[in-house]
Amino acid sequence: EIAELRIAPSHGFRDGRAPEGVDPRDALTYEVELVSWGPPLMKLPSKAALEAQRREREEEERRMAEAEPPDDERIAQAAAEKEKANEAVARQDYEAARKLYDTAFVHIFIHPNVWERGLLPKDVMDKYNAIKLPLHNNRALCHLKLGDLDSAMHDCDRAVEIDPDNVKALYRRALVRQRQLQALLAKEAAGEFWDTDAGAPLVEAARADLDRAAATDPGNKAVKRAAADLRRDEARLHRAV
């Protein structure tokens, strides 16, 4: 089967611009040939069916929540794993510590639908956040020590979401960006190609985090050292670009 399809100029040319040699006031004519066809598309569910599916999901989530151990027990289990992980950090066994922090997070996993929709009481969410904050901070340290900058950034971001003024999270997120900047500068030193526009945003983001950390804890020596290192890296960046 062959059909002719005509398109008005207002729909056929973007912003009234036509290819060279074509009048933008002309209609477009296409010849369309049907060469094959497949089975019909699946019928969309009705509103009633969608509502029934929503109620079924909520009921399943409720049953799953009731089957979980009590919140306080889950948090206590996570805290116990955190202490084991902290001991591994003290031994500088960062890979073992990372795995233990992962296990701690398993104990306090809440389905995103439940967490993001605020289905838990605020006091319960506060209890979970109180254990999540050090877990994210400590696991970020492990990722930094292991050179996994993307995972370290993820944990720092989650920690800052919980506590926007948390000094450890801000400091370590600044370290991640400094490491990313230093990786760019290392390419410059090696004569390799690198994105010269990528350095400045890293400097600005790291500086913002360190400034915020310093405002919260003005005497923090680690934050001061990181700020000094950042100034040196920024000077290297300016010489490179």
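Mentor: Let us begin with Glu 234, which at 17% relative accessibility counts as buried, where buried means under 20% relative accessible area, exposed means over 50% and partly exposed lies in between, with a 1.4 Å probe and protein chains only. This is a predicted model, in which local features need pLDDT of at least 70 and side-chain atom pairs count only at pLDDT 80 or more, while totals for chains, interfaces and linings use all residues. Residues are numbered from 1 along each chain as its sequence is written, and side-chain values use heavy atoms, with hydrogens and water left out.

Trainee: Okay, and which residue forms a salt bridge with Glu 234?

Mentor: Arg 207 does, with the closest N and O atoms 2.5 Å apart; a salt bridge here is a side-chain nitrogen of Lys or Arg within 4 Å of a carboxyl oxygen of Asp or Glu. The pair links distant parts of the chain, since Arg 207 sits in helix H9 (residues 199-216) and Glu 234 in helix H10 (residues 221-240), 27 residues apart. Helices are DSSP runs of H or I with at least four residues, strands are runs of E with at least two, and both are numbered from the N terminus.

Trainee: Is Arg 207 buried or partly exposed?

Mentor: Arg 207 counts as partly exposed, at 25% relative accessibility.

Trainee: How many salt bridges does the structure hold?

Mentor: The structure holds 19 salt bridges, and one of them joins the side chains of Asp 126 and Lys 122 at 2.9 Å, N to O.

Trainee: Where are Asp 126 and Lys 122 in the chain?

Mentor: Both lie in helix H6 (residues 122-146), and because they are four residues apart there, about one helical turn separates them. Lys 122 counts as exposed at 60% relative accessibility, whereas Asp 126 is partly exposed with a relative accessible area of 38%.

Trainee: And what about Asp 102 and Arg 98?

Mentor: Their side chains also meet in a salt bridge, at 2.9 Å, N to O, and they are about one helical turn apart because four residues separate them in helix H4 (residues 94-107). Asp 102 and Arg 98 also belong to a network of salt bridges that links them with Glu 95, Arg 139 and Asp 155.

Trainee: Changing topic, what happens just after H8?

Mentor: Just after H8, Gly 191 takes a positive phi of about 75 degrees.
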